[in-house]
Amino acid sequence: MKSADRSITHARVCAFLAALVIPITACQRQSEPSASTATVPKRPVDQARLEAADSDAANWLTTGRTYSEQRFSPLIQINDQNVGQLRLAWHHDLDAIPRGQESTPLVVDGVMYVSTTWSKVFALDARTGKLLWEYDPKVPGEWGINACCDVVNRGVAFWKDKVYLGTLDGRLVALDAATGTPVWETQTVDRSQRYAITGAPRVIRNKVIIGNAGSEFGVRGYISAYDADTGELVWRFYTVPGEPGKKDGAASDEVLEKIARPTWTGEWWKLGGGGTVWDAMAYDPELDLLYFGTGNGTPWSHTLRSPDGGDNLFLASIIAVKAETGEYVWHFQTVPGEDWDYDSTNHIILADLEIDGRKRKVLMQAPKNGVFYVLDRETGEFISAKPYVNINWATGFDPKTGRPIENPEARYGRTGKPFVARPGPAGGHAWQPMSFNPLTGLVYIPALDLAMPFGMKRDERTSRYAFNVGFDFLGASLPQDPKIKAEAKATSVGYLVAWDPVSQQAAWRVQYSDAWRSGVLSTAGNLVFQGTAMGELQAFAADTGERLWSAPTQSGIVAAPITYEVDGEQFVAVVTGWGGAFAIAAGEIAREKRAPLNTPRVLAFSLKGNDTLPDPPEIPRPTLQPPPNTASAATIARGRELFHPYCSNCHGDAAVSGSFIPDLRNSPLLADAAAWRSVVHDGALRERGMVSFSAELSPEDVEAIRAYVISRAHDALAERSAGGASAP
Ligand code: CA
């Protein structure tokens with residue numbers, strides 16, 4: 001297609017936006033100047049302003065930009081005709097560790113608010129990147145062990161004169177937006193349990209809504225609403241039933257008894273149950289309905305969790321409640337009897353679509369199970385479901401209810417045979433935000449095509465330090481046969497999928513070798529922006545998928561880009577720093593599919609930009625000087641057995657670090673058994689997130705793990721001399 005045909009013209013965009021009653025500064029040319037270092041909004045960020053966020057084109061007021069969470073910007077100064085001239089306008093190096101930076105920044109009247117690893121917050125001048133204030137909640141380093149997927153944070157909320165932050169250790173903190181000074185703080189979780197907060201709060205009618213994570217660690221999921229002024233709890237909704245006969249005194253009490261409890265068997269409450277609300281929410285102000293997604297069951301294995309079967313409500317579900325009270329209205333379960341870590345916490349988007357000649361108020365989600373769902377958001381009625389990537393756990397869906405028709409082989413706990421599930425636990429789409437563009441009518445999905453062998457393993461005990469999921473981590477480890485490794489790498493890919501939610505098919509699709517890349521932004525300028533794992537920010541034509549622009553970023557990207565306007569200038573900004581679930585756990589496959597550097601930074605681009613990045617530092621080749629491999633085969637095998645449940649989820653499968661968490665094969669501690677023990681057993685690095693494992697691992701266990709890592713370092717030396725890829 002020629003570019004003239006492809007382009008969505010300025011006039012057409014303005015006509016479209018006018019029809020939506022969206023006054024766009026780019027159409028009207030009357031953007032307000034903002035004060036140079038103002039940290040107080042020009043207009044209060046109250047309920048009226050949040051409900052009108054669609055038309056507040058210059059700003060990005062909430063994590064999903066609007067209550068509908070479309071992540072679509074009406075700005076058109078940067079568009080498919082001129083995006084080739086987009087240049088770096090400023091960069092700001094963040095005081096954050098080089099891990100997964102998953103935050104979507106907010107921009108409120110010229111000030112940007114960014115959260116980072118360890119739940120820190122930075123306020124920057126959105127025109128220049130200049131630091132205005134910073135806040136560190138001082139999360140104890142040892143809490144890192146309670147985060148399944150790195151010490152990440154996905155963003156903050158803004159309301160009136162405060163910024164709201166959920167911290168990794170479960171606190172909700174209100175900060176003075178002008179100074180970053182804490183105004184109040186409340187503990188939202190039981191600190192004796194392994195909860196964490198990584199998601200962004202939302203604010204509705206003076207209530208701050210926050211969930212939590214921990215379904216890999218034996219917790220029970222819930223979502224809470226707190227008074228925005230005082231931090232007092234207003235309501236709470238538990239997603240799975242607790243101990244029989246005990247009431248929570250929560251908004252969920254009645255519905256859990258009536259609907260959820262009959263779908264469970266056994267003694268799941270002793271194991272937690274799961275169903276945590278760790279990311280997606282959306283809100284419809286007209287219906288006053290708050291929507292949220294729930295996570296997988298804990299343990300992962302349905303057979304261990306609920307031995308006599310049952311759907312296990314409300315795991316892997318979308319739930320609608322009254323925002324005012326938390327009162328249940330409807331639910332839709334994507335995966336009955338969830339068995340494969342198929343969270344349904346992924347990005348939820350609200351839109352109004354014409355389907356079969358009827359205007360429908362819909363809710364859309366592409367959860368981890370690989371299936372795109374369209375529901376009626378008023379009633380929860382199922383409209384349609386179609387896989388957006390390859391799946392093998394289900395063969396179809398009941399056309400009336402949307403209930404999956406399962407592949408019986410997928411139930412590994414029942415068959416007793418491992419099942420290579422596609423998607424794997426990273427999902428067909430993970431937490432990375434999508435975007436819905438009302439001009440093209442398409443949803444842009446950062447999709448993954450990854451598989452994982454599922455086998456059940458009865459945990460001997462409830463661990464404080466390992467996953468409690470009943471999953472055979474050792475059995476799922478990448479086999480070291482070069483042919484199998486090559487095939488696994490070749491078949492682990494990613495897509496940017498432009499999905500038509502009405503016809504339930506892809507309009508276009510671009511395939512990548514780097515699976516774990518960033519969230520997505522789309523704009524009225526007919527553009528879709530996405531960052532890569534290999535260190536680029538890219539722009540595509542929203543209607544055709546043609547790649548129109550890219551810029552090097554010196555770092556892989558997982559966070560979603562945003563766009564905003566200050567003083568009449570449109571910027572596209574993104575936080576760089578590659579990491580998160582796939583990065584830390586997928587070992588050699590992750591390592592091969594990412595840039596060699598991780599630089600925690602905010603980058604902002606504009607058509608007038610003339611900033612340049614400093615030269616990247618030289619990456620020294622790791623020493624890889626292990627001591628002699630003298631341990632017995634039995635000791636190494638014992639170390640391998642312990643490494644996978646205890647260490648692999650941070651330091652990488654088979655002791656190959658795919659992320660920027662240290663690759664233990666290079667560790668100088670390998671040569672010093674006492675120093676190794678002081679860290680792994682005694683917790684010498686606990687403040688940096690490396691806890692003491694002494695409560696569950698003996699000095700002999702720790703020594704066996706060292707022996708295994710030494711043997712893996714020797715494997716790497718042998719591979720390096722043979723030209724292999726896994727060597728650090
Ligand atoms: Ca999960």
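Predicted model: local features only at pLDDT ≥ 70, side-chain atom pairs only at ≥ 80, totals over all residues.

Colleague: Okay, which domains does the assignment give?

Modeller: The domain assignment gives domain 1 (1-136 + 492-618), domain 2 (143-430 + 451-481) and domain 3 (633-721).

Colleague: How many residues are in the largest nonpolar core, and which ones touch the most other members?

Modeller: That core has 94 residues, and M112, Y113, L290, F529 and Y564 touch the most other members. Strand β38 (residues 569-576) gives the most to this core, with 5 residues.

Colleague: And where does this core lie relative to the domains?

Modeller: Between domain 1 and domain 2, because both of them give residues to it.

Colleague: Let's zoom in on Y564. What does Y564 touch?

Modeller: Leaving out residues up to four places away in sequence, Y564 touches A58, L75, W90, V107, M112, A126, E569, Q570, F571, A573 and A604. M112 is also on the list of residues that touch the most other core members.

Colleague: What other core lies apart from that one?

Modeller: There's another core of 59 residues, and A280, Y342, I355 and V371 are among them.

Colleague: Which strands pair with β19?

Modeller: Strand β17 (residues 289-293) is joined to β19 by 5 bridges, and the two run antiparallel. Strand β20 (residues 328-333) also pairs with β19 in the antiparallel sense, over 5 bridges.

Colleague: How many residues sit between β19 and β20?

Modeller: There are 5 residues between them, and the two strands form a hairpin. G326 in that turn has a positive phi of about 80°.

Colleague: Which residues other than glycine have a positive phi?

Modeller: D288 is one of them, with phi of about 45°. D341 is another, with phi near 60°. D288 lies in the loop between β16 (281-284) and β17, while D341 lies in the loop between β20 and β21 (348-355).

Colleague: Are those two buried or exposed?

Modeller: D288 is buried, with a relative accessible area of 15%. D341 is buried too, at 5%.

Colleague: Last topic: how much area do domain 2 and domain 3 bury between them?

Modeller: About 1400 Å², with 54% of it on carbon and sulfur atoms. The contact takes 14 residues from domain 2 and 15 residues from domain 3. Taken over C-alpha atoms, the centres of domain 2 and domain 3 are 32 Å apart.

Colleague: How many salt bridges are there between domain 2 and domain 3?

Modeller: The count there is 0.

Methods
Residues numbered from 1 in each chain as written. Heavy atoms only, no water. Core = buried A, V, L, I, M, F, W, Y, C linked by side-chain atoms within 4.5 Å. Buried < 20%, exposed > 50% of the residue type's maximum accessible area, 1.4 Å probe, protein only. Helix = DSSP H or I, 4+ residues; strand = E, 2+ residues; numbered from the N terminus. Domains from an automatic or database assignment. Contact = heavy atoms within 4.5 Å. Pairing = 2+ DSSP bridges. Buried area = accessible area lost by both parts, 1.4 Å probe. Salt bridge = Lys/Arg side-chain N within 4 Å of Asp/Glu carboxyl O.
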